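The sequence and the model come first, and the notes follow by topic.

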Amino acid sequence: MSDDLRDRIADALYRWTVEQAAGGPNRLLRRDERILQENSLARADAVTPVVEELLAEHERQVREQVGAVYIAESIWFDDNPVDGRTRLATCLSLDEALAAIKGHGIFGEPNLVATVVEDSALHGEGGRTWAVHPEGQEPNDEGHLWITEEKITRGGA
């Protein structure tokens with residue numbers, strides 16, 4: 001357990017508790033402060049392993065994932081999906097990808113929206129897919145405008 005992290009958590013808990021007590025009608029006594037400090041250390045001992053685990057998981061994800069790109073495509077589903085796939089834009093956000101489709105000279109319409117699609121074969125592991133369709137209409141598997149999110153990872157992570 002990281003003593004520095006534990007001490008910082010204990011200090012934050014102690015300061016918050018003292019601030020809460022100061023707002024009340026009773027005065028905080030010296031012996032109460034000592035008890036609050038001990039209690040804050042005990043609570044910090046309880047939560048520090050959880051915080052450390054979450055931080056370690058977050059650091060692992062940051063090391064592995066640099067970011068994501070959003071690929072706007074027009075896809076015709078037929079016998080040869082490679083021939084029926086046209087990349088319209090590669091963007092850094094879903095909003096940018098949707099704007100690229102809306103503004104496209106052939107496929108664009110101002111009233112298009114993106115709806116996330118569960119269980120799509122278009123995206124890679126950890127990615128997501130959106131069907132792009134006119135607002136007010138339900139997306140369908142026959143639609144031809146799609147946005148896929150692809151994770152960018154560091155090699156060898």
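Predicted model: local features only at pLDDT ≥ 70, side-chain atom pairs only at ≥ 80, totals over all residues.

Arginine 60 has a relative accessible area of 31% and is therefore partly exposed. Salt bridges with shared partners tie Arg6, Asp7 and Asp45 into one network.

**Salt bridges**

- The count of salt bridges comes to nine.
- Arginine 60 is paired with glutamate 57 in a salt bridge whose closest N and O atoms are 2.6 Å apart.
- Both glutamate 57 and arginine 60 belong to helix 2, where three residues, about one turn of the helix, lie between their positions.
- Glutamate 57 counts as partly exposed because its relative accessibility is 34%, a value that falls between the limits of 20% for buried and 50% for exposed.
- In another pair, arginine 34 and glutamate 38 meet through their side chains in a salt bridge, at 3.4 Å from N to O.
- Arginine 34 and glutamate 38 are four residues apart in helix 2 (residues 30–64), so about one helical turn separates them.
- Residues three or four places apart in an α-helix point the same way, because the helix has 3.6 residues a turn.
- Arginine 34 is partly exposed, at a relative accessible area of 45%, and glutamate 38 is also partly exposed, at 47%.
- A salt bridge also joins the side chains of arginine 31 and aspartate 32, with 3.5 Å from N to O.
- Arginine 31 counts as exposed because its relative accessibility is 52%, and the cut-off for exposed is over 50%.

**Overall fold**

- The protein contains three helices and five strands, and from the N terminus on the order of these elements is α-α-β-β-α-β-β-β.
- Of the 157 residues of the protein, 27% are counted as buried.
- The protein exposes about 10800 Å², and 51% of that area is supplied by carbon and sulfur atoms.
- Among contacts in the protein with a separation of 6 or more, 53% are between residues 24 or more positions apart.

- Strand 4 (residues 129–134) is mostly covered, with six of its six residues buried.
- Strand 4 runs antiparallel to strand 3 (residues 112–117), and six bridges join the two.
- Valine 116 is placed opposite tryptophan 130 in strand 4.
- Strand 4 is also joined to strand 5 (residues 145–153) by four bridges, and this pair runs antiparallel.
- Valine 132 is placed opposite leucine 145 in strand 5.

**Helix 3 and alanine 97**

- Which residues of helix 3 (residues 94–102) are buried? They are Ala97, Leu98 and Ile101.
- Viewed down the axis of helix 3, these buried residues fall within an arc of 95°, so they line one face of the helix.
- Alanine 97, found in helix 3, counts as buried because its relative accessibility is 0%.
- Leaving aside residues up to four places away in sequence, alanine 97 touches Tyr70, Ala72, Cys91 and Ile147.
- Alanine 97 and alanine 114 are 17 residues apart along the chain, and their C-alpha atoms are separated by 9.7 Å.

Key. Residues numbered from 1 in each chain as written. Heavy atoms only, no water. Buried < 20%, exposed > 50% of the residue type's maximum accessible area, 1.4 Å probe, protein only. Arc of directions from axis to C-beta. Pairing = 2+ DSSP bridges. Contact = heavy atoms within 4.5 Å. Salt bridge = Lys/Arg side-chain N within 4 Å of Asp/Glu carboxyl O. Areas by Shrake-Rupley, 256 points an atom, 1.4 Å probe, with all protein chains shown as cover.
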